[in-house]
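This report walks through one protein model, pocket to core. Keep the structure open while reading.

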Amino acid sequence: MSTTTTEAPSTGLTVSIAPPKGRMLLDGSPTNYGDFRDALNSDGYAVVKGAIPLERAKTYANEFYTYLEGFDLGYKRDDPSTVKRANLPVINEKGMILAYGVTHEKWVWDVRSEPGVIDAFAKVYDDEDLIVSFDVVNMQFANREDMPENKPWPHQDQDPSKPGFRCLQGLVNLNPAGPDDGGLIVCPGGHKLSEQFHAEMADEPRIPAWTPEWFGYTENGMKWLADHGLEWVKVCCEPGDLIVWDSRTPHYNLPPAGKQDRLAIYTCYMPVAEASQEDLVRKKGAFEQRLGTTHWPNAVHVAGSNIAMRNGEPCPKSRDRPVQEPVLNERAFKLTGIPYIKTEA
């Protein structure tokens, strides 16, 4: 496959969008795919084993640590005493790095471009013409002496007023993630009861959210889930594994309780046919400015800047562009959505 740089619009690459295909319904009905899709349909989540070969996953983990050390704030991966907020870029209490152009770092794009990751989503949607979110990365340290407290925040990432399977979320895991190593907690089967839950709990006061595409579960909501036989499960996986889940599936994350750091890169793809031309133009702007998005690949929300705030002031290490600009091959460049933008006659 030929190599295309990040400024590939100048190459004139354009792509025709094929008609929409037969995507999974994720309605819980019995399926017989013989792969991760059976678990995804029944449980609302699945682990795609070895989506990235182990040695490449280890390379990406090393690049993640190198990136953190590259801020020159004092963090050293081999010295747990340096795991302090002052020694690190701004990381929120959930372990997410939201700024610094990290969503467009070369190593992040290299993970998004992995064939085994893209192909898993293509199977679910039965569609090769996909676009990808410019989502964030997650680092949760085993040593959290002065890191912000991360309390459970059970939620679904989908507007309750828009039911049905709309979005498949994902993350690539880069470190061992056993029972005590932190990571994703899910409520298997919750996607199947989502519509019933929101109908029966419609009068329950909602937890305030900055976007309607987020719904937090209150204590009463958690009780409803338990009363309907749903339990919470820690997803365990290995470096290079991809976790995928229906956005309706209740979930949250927890930091490590053991000695292993958590390293994850959020990856979410959807058919370009489900994005409007306006979406794609907005997505192009985000790519060219190296801005991040949420998990929605059609760029429903785009970050306002790459400036991180530290103690109420712009972080001195803030930057507008990534340290290493991405270099995208043809398939990866299509994921930006730019080749699908129609040119004016």
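## The largest pocket

On a 1 Å grid over the protein atoms alone, a pocket is an open set of points where a 1.4 Å probe fits, with protein on both sides within 12 Å along at least five of seven lines. Grid points are joined across faces, edges and corners, and a volume is the space filled by probe spheres set on the points. By that definition, the largest pocket holds about 960 Å³ of space.

This is a predicted model: local features need pLDDT of at least 70, side-chain atom pairs count only at pLDDT 80 or more, and totals for chains, interfaces and linings use all residues. Residues are numbered from 1 along each chain as its sequence is written, and side-chain values use heavy atoms, with hydrogens and water left out.

The pocket lining has 42 residues; Met96, Leu98, Val136, Trp210 and Thr294 lie nearest the centre. Strand 7, strand 12 (251-254) and strand 13 each give two or more residues to this lining. Strands here are DSSP runs (E, at least two residues) and helices are runs of H or I (at least four), numbered from the N terminus.

## Strand 13

Strand 13 spans residues 262-266.

Two strands pair if DSSP finds at least two bridges between them. Strand 5 (residues 137-140) runs antiparallel to strand 13, with four bridges. Met139 has Leu263 as its bridge partner. Strand 7 (residues 168-173) is also antiparallel to strand 13, with three bridges. Here Asn173 is partnered with Ala264.

## Nonpolar cores

A nonpolar core is a set of buried Ala, Val, Leu, Ile, Met, Phe, Trp, Tyr and Cys residues joined through side-chain atoms within 4.5 Å. The largest has 68 residues, and Phe121 and Val244 are among those with the most contacts inside it. A second, separate core has 13 residues, including Leu171 and Cys237.

Phe121 belongs to helix 4 (residues 115-125), where Val117, Ile118 and Ala120 are among the other buried residues. Asp126 follows the helix with a positive phi, near 50 degrees.

## Trp153

Trp153 sits in the loop between strand 5 and strand 6 (155-156). Leaving out residues up to four places away in sequence, Trp153 is in contact (heavy atoms within 4.5 Å) with Lys94, Met96, Trp214, His251, Tyr252 and Asn253.

Key: Buried < 20%, exposed > 50% of the residue type's maximum accessible area, 1.4 Å probe, protein only. 1 Å grid on protein atoms, 1.4 Å probe; cavity = no way out; pocket = protein on both sides within 12 Å on 5 of 7 lines; lining within 4 Å.
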